[in-house]
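Welcome! Let's take a walk along the place where two chains meet.

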Protein chains: 2
Amino acid sequence: MDTFQLDIDCVIEIVKRRGARCVGLQFPEGLKRRAGDVAEAIEKNTGAAVLISGNPCFGACDVDMQLAQMVDIMFHFGHSSMGDQGNVVFIEARSDADPVPAVEKALEFLDSHRIGIITTVQHAHKLDDVRDFLEKRGKVCVTGRGSSRVKYPGQVIGCSFDAARIDCDELLYIGSGLFHPIGAALATGKRVVAADPLTMHVEVVRTDKVIKKRSAVIAKAMDAKSIGIIASTKSGQKRMALARELKLLAEKHNREAAIIVMDLVTPEQLLNFKFDAFVNTACPRIAIDDAGRFHAPMLSPKELEIVLGEREWDITFDEITDTEN
Amino acid sequence: MDTFQLDIDCVIEIVKRRGARCVGLQFPEGLKRRAGDVAEAIEKNTGAAVLISGNPCFGACDVDMQLAQMVDIMFHFGHSSMGDQGNVVFIEARSDADPVPAVEKALEFLDSHRIGIITTVQHAHKLDDVRDFLEKRGKVCVTGRGSSRVKYPGQVIGCSFDAARIDCDELLYIGSGLFHPIGAALATGKRVVAADPLTMHVEVVRTDKVIKKRSAVIAKAMDAKSIGIIASTKSGQKRMALARELKLLAEKHNREAAIIVMDLVTPEQLLNFKFDAFVNTACPRIAIDDAGRFHAPMLSPKELEIVLGEREWDITFDEITDTEN
């Protein structure tokens, strides 16, 4: 089993150094079970009062700013920093898992000589091991710098695949899940091999299924007369300017359009709104991961442009750029 | 079928009079389906830009302050004001339903002469009709003033039953659901007849089932070693002082305790936290309505005191007082 290391000594040291009297803690869902112990360790070692965020947390884009305003310092666990956020300190979760065995298995799937390596923050500290291993096997390894939304070379997140846009023949993704490697494949048009250090599963990612699904959602939205445009208030997902542009664009094409401002975007929460289709300017994963669960088609911004005839029918994942948020 | 009247002409008039350029709209779940039409009416008649809150909304205690900060004026629909909230204007939803037929049916359930009448905001404008009808039948009707959390005589909400604490022999509740009349019965110890103007259902409320359920929850929490104390950030549910007191109290009794700060409190959202029991200082209804759905006992503040041996075993619903929030 994989375990994630959180540097609690470092957290205690920072609390002491800054003389913080009230400390906030925010964990992603998978780490919330550790909240009680971390809070206790801080209170016992520093005397500071601790408040734990109970709200859902899905990334560095999802900082609990309300809690941050209530405390002297807030620690956001599990993700790398997405730029300066005042009194918020990011404490990454690093996976213990050795990626090399999975990469060894991936060798037979790799077709090319020049390999671009991409990963998530949990494995970013092990990329040198991956590179060493592959270069000993005669490969040339390259990593790209991502946008300002990521911290490490080679790091991709669900809304930014810039680190995959590099001069290589093929991409090797180190990590779990298929969202990131499929996103990278769609963003670059390159062949992507995904290697999971936790399950040891290796596969060449296929984009045809997701393209078919997205095409079906777009087709369903073609007759939509009213469009609900979702704008997020989450710290790293705010794209109000884009939402306003899309509203004007929809109205130009004789659709009724309204902007819906919300924090957490879920199929349940939209159920009561009567719009024929929705567009999501918040986290790009929502439209993809929950595709079948919305009561009306949930489009990405570019997919709305396709629906309105303003863009060629070409499926890519939505990305949030440096300048937008 | 019942319909709720929303005074949109009044909304448009206020937008024009205040010269608002950006308008926020917040609806409770049951009225969200009207959001698109209301937004369109405002935009067409005033030229103002409209933003709709997509977040869950469960009462006047649940004002979307983030949206309010983004707009010149925000209309909160469906609930009566809970005191001044800056640029937030409350637009009540009034039920068309005539309460008199249900009250006529309730006559045979009423045992006493002096009847205290309580209701929710949707029916508050019809209480005079109820009084007229009952007084013609020889009853004496009284209504109480609630706390500052409610607006109308006789009005109760899920966290404040002060309007039921009046000099009467028996209470008559006009409205839907059993939460309010059960709350009133527990708060006053009086017999309560509930009459629903929408379904015409009339019954004498029984508190034994809810007392049994709460007793079971309290019993389950007796061995809890760790307690998660929930403090809400919702505009009308903030009781951080109470949360801190409960933490000290739990620690005094050798329990580990941590304060969890959150917006929406749901069984799903607490699932990842490993505490043996929770205490909810936010909306009192949550612990009652979702009682069976939490993975660990969810107590009210007073129920925690019972668990810790600081209070007699006596079940009442939690109420939020004027001075607390």
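**Where the chains meet**

Start with a pair of strands: strand β3 (residues 49-53) of chain A and β13(B) run together in the parallel sense over 3 bridges. Two strands pair if DSSP finds at least two bridges between them, and helices (H or I, at least four residues) and strands (E, at least two) are DSSP runs numbered from the N terminus. Look for Leu51(A), which stands opposite Ile259(B) in β13(B).

A word on the model: it is predicted, so local features need pLDDT of at least 70 and side-chain atom pairs count only at pLDDT 80 or more, while totals for chains, interfaces and linings use all residues. Residues are numbered from 1 along each chain as its sequence is written, chains are lettered from A and ligands numbered from 1 in the order in which they are written, and side-chain values use heavy atoms, leaving out hydrogens and water.

Now step back to the whole contact (heavy atoms within 4.5 Å). Chain B gives 36 residues to it and chain A gives 36 residues. Together the chains bury about 2900 Å², with 55% of that on carbon and sulfur atoms; buried area is the accessible area (1.4 Å probe) that two parts lose on being put together, summed over both.

Charged groups meet here too. The interface holds 2 salt bridges, each a side-chain nitrogen of Lys or Arg within 4 Å of a carboxyl oxygen of Asp or Glu. In a salt bridge you can look up, the side chains of Lys247(A) and Glu43(B) come together at 2.9 Å, N to O. On the side of chain B that touches chain A, β13(B) supplies the largest share, 6 residues.
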